[in-house]
Amino acid sequence: MEQYVIKGGIPLVGEVGIAGAKNAALPIISAAIMSDEMVTLENLPDVNDINVLIESIEKIGAHVERPDRHTVRINGSTIQSCAVDYESIKKIRASYYLLGALLGKYQEAEVPLPGGCNIGSRPIDQHLKGFRAIGAEVNISHGTIIARAKKMHGAHIFMDVVSVGATINIMMAASRAEGRTIIENAAKEPHVVDAANFLNSMGADIKGAGTDVIRINGVPKFHGCVYSIVPDMIEAGTYMFAAAATKGDVIVKNVIPKHLEAITAKLIEIGCEVEEGDDSVRVVASKRLMRTHVKTMPYPGYPTDMQPQIAAVLSLAQGTSIVTESIFENRFKYVDELTRMGANIKVEGNTAIIDGVPQLTGARVSSPDLRAGAALVIAGLAAEGFTVVDDIVYIQRGYEDFEGKLSNLGAEIRRVSTEDEIRKFELSVG
Ligand code: UD1
């Protein structure tokens, strides 16, 4: 099992380049199999979730080439099976995007119920409701979702909750149904817009992505295209908070500053300077941070995927902060780990009350999920002494070369897999 060992207390300084968004790339790779012509995807993040999904589309027969780690070419004309294998896909939640893609293209899909991050119950009833509305029969049998349609037709669908996954999944399937589908109360996240733009590049007719009403006119087939994935706002936000926690000065490059506004607003509230460029943001933290309150909301609200990272930063801010999680029910599992590093946090229901402390101290902690793992790394970078973060396999699901990018910013961090390597690192950096 790999771990990160970190010597904290060093301000991060320099520039970091941001990869393509994992949460946009996952539906886009899935949707790419809907074309029988070559689709080239650029700016792909080289992270575990993406690589698992690429392997599983290869297993159902898609032709895949990877000319370099950030580019993939996919041709769906060779697909032989609409049944996705459990072993290959169980680790990633976004396996559900293959349902919408296969159903849209072949009117048939068999996909095991998704796994993924352990952040609470994650129903997919809204996805299934949408598929049923456009004419599919959907059953769950032996842990697998089986969706079939004789013919798919347009429908007017009201989402009961704002769901990124359901919005994109229904958009994919409906883009090949006959007639017009309207999705009301749709999610507005940048990756919903990116998935719609990609589908349109393959010939789909989708309007309104980025607003809460999306209109889709079904088309009979898709063609090939070349498409570049949008930058990852969560990866960018993570480095912005790492700069804040370490009192650093970091330019985060290859971003769309507009997507980062909710994050930027919080950094300014807690006393950082944030300078926006055309495709970069610079975060400078020169004084002790101040408290704030934050509540996670669907986009353009403050993202739930940035909740653990801001909590790590606020654990060092002056005063009492309140963090409310309104999207997922079990997203404070990292709090006990931060407490081991000296943070003063009490969780009541979906709220964390954080009394800021002047200093965290390094400890051995374990990463409970992807974003929480990133938050523990941020805490370790700011803490005095050595921190060992276990279970970094979660972090590797979503952050490309995390330790390399942090090292380039001056951090003392190493990926290790034995106690011996930890000791060597501790001796080498003193
Ligand atoms: C996606 C992201 C995840 C992010 C989340 C919210 C991917 C692969 N993952 O997850 O990182 O944290 O958006 O921004 O893109 N819900 C239902 N029924 C459904 C679907 C969702 O009740 O059918 C609820 C969920 O339990 C949750 C809320 O809706 O409370 C939002 O979930 P959703 O937006 O669907 O999250 P994901 O798409 O799974």
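Trainee: How far is an oxygen atom of the ligand from an N or O atom in the side chain of Tyr-96?

Mentor: A polar contact is a pair of N or O atoms within 3.5 Å; within protein, one must be able to donate a hydrogen and the other to accept it, and residues adjacent in sequence count only if both atoms are side-chain atoms. Here, an N or O atom in the side chain of Tyr-96 lies 3.0 Å from an oxygen atom of the ligand. For Asn-23, the corresponding distance is 3.2 Å. Asp-305 has a polar side-chain atom 2.6 Å from a ligand oxygen atom. The protein buries 87% of the 740 Å² that the ligand exposes when taken alone (accessible areas by the Shrake-Rupley method with a 1.4 Å probe; for residues, only the protein chains shown count as cover). This is a predicted model, in which local features need pLDDT of at least 70 and side-chain atom pairs count only at pLDDT 80 or more, while totals for chains, interfaces and linings use all residues. Residues are numbered from 1 along each chain as its sequence is written, and side-chain values use heavy atoms, with hydrogens and water left out.

Trainee: Which residues around the ligand come nearest?

Mentor: A residue is near a molecule or strand if one of its heavy atoms lies within 4 Å of it. There are 21 residues around the ligand, and those that come nearest are Gln-126, Ser-163, Val-164, Asp-305 and Ile-327.

Trainee: In what order do the four strands of the open sheet with S17 stand?

Mentor: Strands of a sheet pair through backbone hydrogen bonds, either parallel or antiparallel. Strands (E, at least two residues) and helices (H or I, at least four) are DSSP runs, numbered from the N terminus, and two strands pair if DSSP finds at least two bridges between them. In this sheet the order is S17-S18-S20-S19, with mixed pairing. Strand S17 (293-295) and strand S19 (344-348) are the edges, each pairing on one side only. S19 pairs with strand S20 (residues 351-355) in the antiparallel sense over five bridges, and Glu-348 stands opposite Thr-351 in S20.

Trainee: What is the order in the open sheet with S2?

Mentor: The order there is S2-S14-S16-S15, and the pairing is mixed. Its edge strands are S2 (13-17) and S15 (273-276). S2 and S14 (residues 249-253) pair in the parallel sense over five bridges, with Gly-17 opposite Lys-253 in S14.

Trainee: Which strands does helix H10 lie across?

Mentor: Contact means heavy atoms within 4.5 Å. H10 (residues 307-314) lies across S17, S18 (320-324) and S20, and runs at about 170 degrees to S18. Helix H8, in turn, lies across S2, S14 and S16 (280-284), at about 170 degrees to S14.

Trainee: At what angle do H8 and H10 pack?

Mentor: H8 (residues 233-245) and H10 pack at about 5 degrees, with their axes 10 Å apart. Where they meet, H8 contributes Ile-234, Thr-238, Phe-241, Ala-244 and Ala-245, and H10 contributes Gln-309, Ile-310 and Val-313.

Trainee: Which residues does a cis peptide bond join?

Mentor: Tyr-299 and Pro-300 are joined in this way, with omega about 10 degrees. Pro-300 belongs to the loop between S17 and H10.

How values were computed
Axes fitted to C-alpha atoms, helices over the stretch in contact; angles between N-to-C directions.
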